[in-house]
Amino acid sequence: MFERFTRGARATVKGAVAQAERAGAGSVTEEHLLLALLEQEGGRAAFAVTALGLHDRRASLDAAFTEARRRGGLTRADTDALADIGIDLGAIVSRVEGAHGEGALDADRRSRRWWSGHRPFTPGAKTVLENALRVALGRGDRFIGEEHLLLALTAKPGVVADVLAEHGATYTSVQRALYGPDAGRGDADQGHAQAG
């Protein structure tokens, strides 16, 4: 699969590893892939990220990811669902952090393997890479570019997609920024043609 990655997509994957290293994370996550994409310049994804205003809201994105890590990686939808059944996640996080220190629920604390120099990709990050291939194939592209990685990040349910959506970057808005206002029509027509 990696032979299909463009230079920019490869740089994004390497950048995600560097993001994980800087954060002291034991593994490379979807968040690291997104942060690496935000650092890319001169590609379709960089254009879309700029058009959607994500570069200008980097501090807000970082704050949203920090808050999600404090919640143990639960999405806002998870938090709302728990609240609907009477569970106050904020109170639970406060009590746990009071007893064990800030960030105690952080799902990506240093793993025991940090010393090996090898940072594995989490199952979620691997899924994003696989879904980028699916996005590229669905568009009829013979390569996997940063734009396919960005679309895959918005399509995979979880914290990264939630944070992106909160900042106006949904699959549809990213697709429009990348390919224009009629972007979704071709995909729908292609899906009908394949199904028929």
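Mentor: Terms first: helices (H or I, at least four residues) and strands (E, at least two) are DSSP runs, numbered from the N terminus. This is a predicted model, where local features need pLDDT of at least 70, side-chain atom pairs count only at pLDDT 80 or more, and totals for chains, interfaces and linings use all residues. Residues are numbered from 1 along each chain as its sequence is written, and side-chain values use heavy atoms, with hydrogens and water left out.

Trainee: How many salt bridges does the rule give?

Mentor: Three. The rule asks for a side-chain nitrogen of Lys or Arg within 4 Å of a carboxyl oxygen of Asp or Glu.

Trainee: Where do Arg58 and Asp62 sit?

Mentor: Both are in helix H4 (residues 58-70), four residues apart, so about one helical turn separates them.

Trainee: What is the relative accessible area of Arg58, and of Asp62?

Mentor: Arg58 is at 26% and Asp62 at 29%. Each counts as partly exposed. Buried means under 20% relative accessible area, exposed over 50%, and partly exposed in between (1.4 Å probe, protein chains only).

Trainee: What about Glu30 and Lys156?

Mentor: Their side chains meet in a salt bridge too, 3.1 Å from N to O. Glu30 lies in helix H2 and Lys156 in the loop between helix H8 (146-155) and helix H9 (159-166), so the bridge ties together parts 126 residues apart in sequence.

Trainee: Is Glu30 buried or exposed? And Lys156?

Mentor: Glu30 is buried, at 18%. Lys156 is buried as well, at 18%.

Trainee: Which residue does Glu39 pair with?

Mentor: Arg22, at 3.5 Å, N to O. Glu39 is in helix H2 (residues 30-39) and Arg22 in helix H1 (residues 7-23), so this pair links parts 17 residues apart in sequence. Glu39 is partly exposed at 42%, while Arg22 is exposed at 56%.

Trainee: New topic. Which residues of helix H10 are buried?

Mentor: In H10 (residues 171-179), they are Ser173, Val174, Gln175, Ala177, Leu178 and Tyr179.

Trainee: What follows H10?

Mentor: Gly180, with a positive phi near 100°.

Trainee: Last one: where is Ile87?

Mentor: In the loop between helix H5 (76-84) and helix H6 (89-100). Ile87 is partly exposed, at 32% relative accessibility.
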